[in-house]
Amino acid sequence: MAYEPYVTPEYYKTEYGGSTVPDEKLEVILRQASRHIDSLTYNRIVGQGFSDLTSFQQDVIREVVCLQADFEHENEDEINTILSSYSINGVSAQFGGSWNVFTDKGVAMKRDVYALLCQTGLCCRLAR
């Protein structure tokens, strides 16, 4: 059985109102964002089944997937770089230490979006 992302392209466009990710990349980005959510929730969604989550958890996860898809598309070059910092013409940039970006398990995410995901109760390492 193939992996199904938690958000369909139709949901992204109509319910969420997303327009950041181009149509030709949308399915791939939504699948990637869903996989990243699985990593941050210790695969509890896969184990429990998305349909067995509460409606609140499902709504939050869908919103987080959409927000993460936008973030990953908008910052694709920076996220996929092998450098941790660089400097050009006196301007420097660093990755991973930003006050508003959270990184865990190789996933970069805005801190406020991670806090939203944590409201589902699925991000705690000690939870069952």
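**Notebook: rings and core**

I started at Phe50, which counts as buried because its relative accessibility is 18%, and the cut-off for buried is under 20%. A reminder to myself: this is a predicted model.

**Entry 1, the neighbours of Phe50.** Which ring does Phe50 stack with? I found Tyr6: the two ring centres are 5.1 Å apart and the planes meet at 20°, so I noted the pair as stacked. The two partners come from distant parts of the chain, 44 residues apart. Tyr6 lies in the segment before helix 1 (9–14), while Phe50 is in the loop between helix 3 (44–48) and helix 4.

Is Tyr6 buried or exposed? Its relative accessibility is 10%, so Tyr6 goes down as buried. I then looked at Tyr3, and that residue is buried as well. Tyr3 and Tyr6 pair edge-to-face, with 6.3 Å from centre to centre and 70° between the planes. Together, Tyr3, Tyr6 and Phe50 make up one aromatic cluster.

What sits over the ring of Tyr3? I found the charged end of Arg35 there, 3.6 Å from the ring centre. I also noted Arg62, whose charged end sits over the ring of Tyr11 at 5.7 Å from the centre.

I listed what Ile45 touches, leaving out residues up to four places away in sequence. Tyr6 and Phe50 are both on that list, along with Ile37, Asp38, Leu53, Ile61 and Leu122. Ile45 turned up again in the largest nonpolar core, which holds 29 residues. There, Ile37, Ile45, Ile61, Val64 and Val65 touch the most other members. Which elements give two or more residues to this core? I wrote down helix 2 (23–40), helix 4 (55–74), strand 4 (107–110) and helix 6 (111–118).

Stepping back, I counted 6 helices and 4 strands. Along the sequence they run α-α-α-α-α-β-β-β-β-α. Of the 128 residues, 37% are buried. The chain exposes about 8,000 Å², and carbon and sulfur atoms supply 49% of that area. I also checked how far contacts reach: among those between residues at least 6 apart in sequence, 66% join residues at least 24 apart.

Note on methods: Residues are numbered from 1 along each chain as its sequence is written. This is a predicted model: local features need pLDDT of at least 70, side-chain atom pairs count only at pLDDT 80 or more; totals for chains, interfaces and linings use all residues. Side-chain values use heavy atoms; hydrogens and water are left out. Buried means under 20% relative accessible area, exposed over 50%, partly exposed in between (1.4 Å probe, protein chains only). Contact means heavy atoms within 4.5 Å. Accessible areas come from the Shrake-Rupley method with a 1.4 Å probe; for residues, only the protein chains shown count as cover. A nonpolar core is a set of buried Ala, Val, Leu, Ile, Met, Phe, Trp, Tyr and Cys residues joined through side-chain atoms within 4.5 Å. Rings of Phe, Tyr and Trp (its six-membered ring) pair if their centres lie within 6.5 Å; planes under 30 degrees apart count as stacked, over 60 as edge-to-face and the rest as tilted. A charge sits over a ring if NZ of Lys or CZ of Arg is within 6 Å of the ring centre and within 35 degrees of the ring normal.
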